[in-house]
Amino acid sequence: MMRFLRARKFDVAGAWAQFKDTEDWRKENAIEELYENIEVDSYDAARRMYPQWTGHRDRRGIPIYVFEIKHLDSKNMAKYTSTLNESATADTHQSSKVPQRLLRLFALYENLLNFVMPLCSRLPRPNMETPVVASTNIVDVNGVGLKQFWNLKGHMQDASVLATAHYPETLDRIFIIGAPAFFPTVWGWIKRWFDPGTTSKIFILSAAEVKPTLSAFMHPSSIPKQYGGDLDWKWGDMPALDEDARALVGDALATPAGDDAARQEVIKGPVLFEDDCVHILGKVNGVSRDTKIPVSDTTTSTEQKSDIDAGIEKLNITVEEGATRDVTAEAPTQTVSA
């Protein structure tokens, strides 16, 4: 409710009306059921079309997302659109009148609210008494032409309109990097998608400003290498959990990133972060992955380790039973995002 109050500048009546509209919208669209039942492949296809969590946080403990626009070219957009036509996003929403692209987008926002933010709220940071309720975003527009911007107008507007209406105050600072000479023209219509409070948090950085500005807000270890930091993470990767996140979730959620055992990624698909466990949701070939795996803030005991191993084994068996291809190794080693 606090996010709605801030969005409405503490106009109680206005905040309550928007909150009620959102609750009605969530019920009408069965948002929780969507997140629980979405196919992992559908979810991950959508993840690659929108801002992605790096697995790291800024100096205030707020999760850092990156959005590289150049990857959303006509070829990749056509490929994504084809997946929308192949199958329903979730069996609970096969008869839904809502376009599948929006259903998938709903699921991504649910991941932000129900996995990334609760997880970050449990990690060490300044002002631990205040929960994490927003995200920091790096929007990279390097190599994007005016035509591509125009073709992506509807795609990007969907996300901004949805955030404003039903997920208010979830955007903190937004750093735009690599703006071309024509960007002021594009910015003229982009900023109309956001309320004035959000546009005041958007910073357009010159090439010389990128590293010093990001460094002021983020530790170098949390800045991707392509922006002058030390983080070995690139667009399309699953979140590579920072040290504190790895210590908290341990084997419950993290898997080695390729050959780099020190870098941990998050398994693919929808996940909830609950008080004492991670709750792995979604379906693989129609079979539910519904599994809860304990987590601990401290050194994992032998008993807890046994519970974790049992949970992971259950997940592997569940995925294997639903597979029409060899996904037994895929579930524990491939990673999914938030």
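Predicted model: local features only at pLDDT ≥ 70, side-chain atom pairs only at ≥ 80, totals over all residues.
His-166 itself has its place in helix 8, which covers residues 153–166. The side chain of His-166 also makes a polar contact, at 3.0 Å, with the side chain of Thr-22.

Phe-19 belongs to helix 2, formed by residues 12–28. Not counting residues up to four places away in sequence, Phe-19 touches Met-1 and Phe-4. Phe-19 and Ala-165 are separated by 146 residues in sequence, and their C-alpha atoms are 9.2 Å apart in space.

The accessibility of the two residues is set out below.

| Residue | Relative accessibility | Class |
|---|---|---|
| His-166 | 15% | buried |
| Phe-19 | 22% | partly exposed |

The limit for a buried residue is under 20% relative accessible area; His-166, at 15%, therefore counts as buried.

Helix 8 also meets helix 6, which comprises residues 100–121. The axes of helix 6 and helix 8 come within 11 Å and cross at roughly 55 degrees, so the two helices are oblique to each other. Their crossing is right-handed. On the side of helix 6, the contact is made by Arg-101, Leu-102, Leu-105, Phe-106 and Tyr-109; on the side of helix 8, by Asp-158, Ala-159, Leu-162 and Ala-163. Of the residues in this contact between helix 6 and helix 8, seven are nonpolar, two are charged and none is polar.

Conventions
Residues numbered from 1 in each chain as written. Heavy atoms only, no water. Helix = DSSP H or I, 4+ residues; strand = E, 2+ residues; numbered from the N terminus. Buried < 20%, exposed > 50% of the residue type's maximum accessible area, 1.4 Å probe, protein only. Polar contact = N/O pair within 3.5 Å; in protein donor to acceptor, adjacent residues only side chain to side chain. Axes fitted to C-alpha atoms, helices over the stretch in contact; angles between N-to-C directions. Parallel < 35°, antiparallel > 145°, perpendicular 65-115°, else oblique. Left-handed = near helix turned anticlockwise from the far one by under 90°. Contact = heavy atoms within 4.5 Å. Nonpolar A, V, L, I, M, F, W, Y, C, P; charged D, E, K, R; others polar.
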